[in-house]
Amino acid sequence: MSNPKPFGPIPPEFAGLDALPWLDVATPAYVYDFAVTRARVARLRAALPERVAVHYAIKANPFPPLLAAIAPLVDGLDVASAGEMARALDVMTADAISFAGPGKRDEELDAAVRAGVTINLESIAEGQRALAIGKALGVRPRLAVRVNPDFELRGSGMKMGGRASPFGIESAHVPVLVERILGEGAEWRGLHIFAGSQSLDTDAIIATQAATIDLAARLAEACGAPPPLVNLGGGFGIPYFPGDAPVDVEAIGAALGEALAALPGVLSGSAFAIELGRWLVGEAGVYLARVVDRKVSQSETFLVVDGGLNHHLAATGNFGTVVRRNYPVALAHRMQDAAEEVVSVVGPLCTPLDRLADRVALPQAQVGDLIAIFASGAYGATASPSAFLGHPPAEEFLIE
Ligand SMILES: *Cc1c(COP(=O)(O)O)cnc(C)c1O
């Protein structure tokens, strides 16, 4: 076997299995094993101070059965469109839902105000529109202010702070907006400060949370009004690639406990929350595709499977990564068997971008066998161009 490329670590819940239990699944498919998510929530709850609420950011995975299952386990849902808001309202009361995201249209603001969902304002102008809509409806809008922090989460795959940004409001402008919210008699719900995503650097997460609390305190002083809630963001990453190691949530929880014990007085009455997407659901998901063809081209063996980039853009390296690396992968019925050949797993699309695994060493696969791509529970089905080339979408299954 010549020069196989490494792939990422298979999540612990699956790594020891001889075979996945879903060998007969109709493919292509995503299977979400909810026991994994349940365990993540329990671990997080045990690690975090009781005062810190846990929100689920549903853009990571808005599959309705998964939302119904996770809603009772978390304290809130964070949404980023009216479509996500409608799904969230099916499973959660409005007062535990917050709606962030730039460019909210008037119809979206209207729907949020009517429903009683908290709007995380992304600009002064959006704040003005939300206040006007509340007035027109005769409804007191619930408004929080999203801050563009003057720092970013180190080591994060998607930085959302420390620079010019479509997200949030510059610190210097926050007091003006809060004053307007209070002056117009709207319900001020607090501050939302999100500095980045997919960080595996525990120390960076701890430092960012400390800086976030600091910033919230400074803003509270400047506004002359303590925020009812401080949403500290999240950004906990999961291992996708060779060498990736999980974040230490117990260390994060302990540090957060210390920070909250030493809170500046202006935040002593505030509630706190973190919002996580992929950390809660990413490792629960497995993308499954079946081998349709085996072919050899110039001594490279290709396994052509029945789905690819159209369902799982991220695993092909085309969603937020600079260098293409291999997601964790296995031959689903021979998980512990020794590797026998080096293969590239490609999807059925007519583009060289459609490569799920590049030159990985696996036991020999035949036509009809199932290939599993792990760490696929977040930013999979809904973050992929499913209409591209007109193949059927992947089915999704929740295993409770
Ligand atoms: C995308 C997003 C999240 C979730 O990020 P994950 O990396 O999935 O945890 C949380 N908050 C905001 C504001 C987001 O935009």
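Which side chain meets Arg355 in a salt bridge? Asp358 does, at 2.7 Å from N to O. Here are some notes to go with the structure above.

This is a predicted model, in which local features need pLDDT of at least 70 and side-chain atom pairs count only at pLDDT 80 or more, while totals for chains, interfaces and linings use all residues. Residues are numbered from 1 along each chain as its sequence is written, and side-chain values use heavy atoms, with hydrogens and water left out.

1. Let me start with that pair. A salt bridge here is a side-chain nitrogen of Lys or Arg within 4 Å of a carboxyl oxygen of Asp or Glu, and by this rule the count comes to 20. Arg355 and Asp358 also belong to a network of salt bridges that takes in Lys5 and Glu300. Asp358 counts as buried at 12% relative accessibility; buried means under 20% relative accessible area, exposed over 50%, and partly exposed in between (1.4 Å probe, protein chains only).

2. Another salt bridge joins Arg40 to Glu13, with the closest N and O atoms 2.8 Å apart. This pair links distant parts of the chain, since Arg40 sits in helix H2 (residues 34-47) and Glu13 in helix H1 (residues 12-15), 27 residues apart. Helices (H or I, at least four residues) and strands (E, at least two) are DSSP runs, numbered from the N terminus. The two partners compare as follows: Arg40 is buried, with a relative accessible area of 9%, whereas Glu13 counts as partly exposed at 31%.

3. Arg105 and Glu108 form a further salt bridge, their closest N and O atoms being 3.7 Å apart. Glu108 is buried, at a relative accessible area of 8%.

4. On to the ligand. Of the 13 residues around it, Lys59, Ser197, Gly277, Arg278 and Tyr379 come nearest, where a residue is near a molecule or strand if one of its heavy atoms lies within 4 Å of it. The shell divides into five nonpolar, four polar and four charged residues.

5. A polar side-chain atom of Ser197 lies 2.4 Å from a ligand oxygen atom, and an N or O atom in the side chain of Tyr379 is 2.6 Å from an oxygen atom of the ligand. For Glu275, a polar side-chain atom lies 2.9 Å from a ligand nitrogen atom. The elements giving two or more residues to the shell are strand E10 (196-199) and strand E12 (271-276).

Key:
A polar contact is a pair of N or O atoms within 3.5 Å; within protein, one must be able to donate a hydrogen and the other to accept it, and residues adjacent in sequence count only if both atoms are side-chain atoms. Ala, Val, Leu, Ile, Met, Phe, Trp, Tyr, Cys and Pro count as nonpolar, Asp, Glu, Lys and Arg as charged, and the others, Gly among them, as polar.
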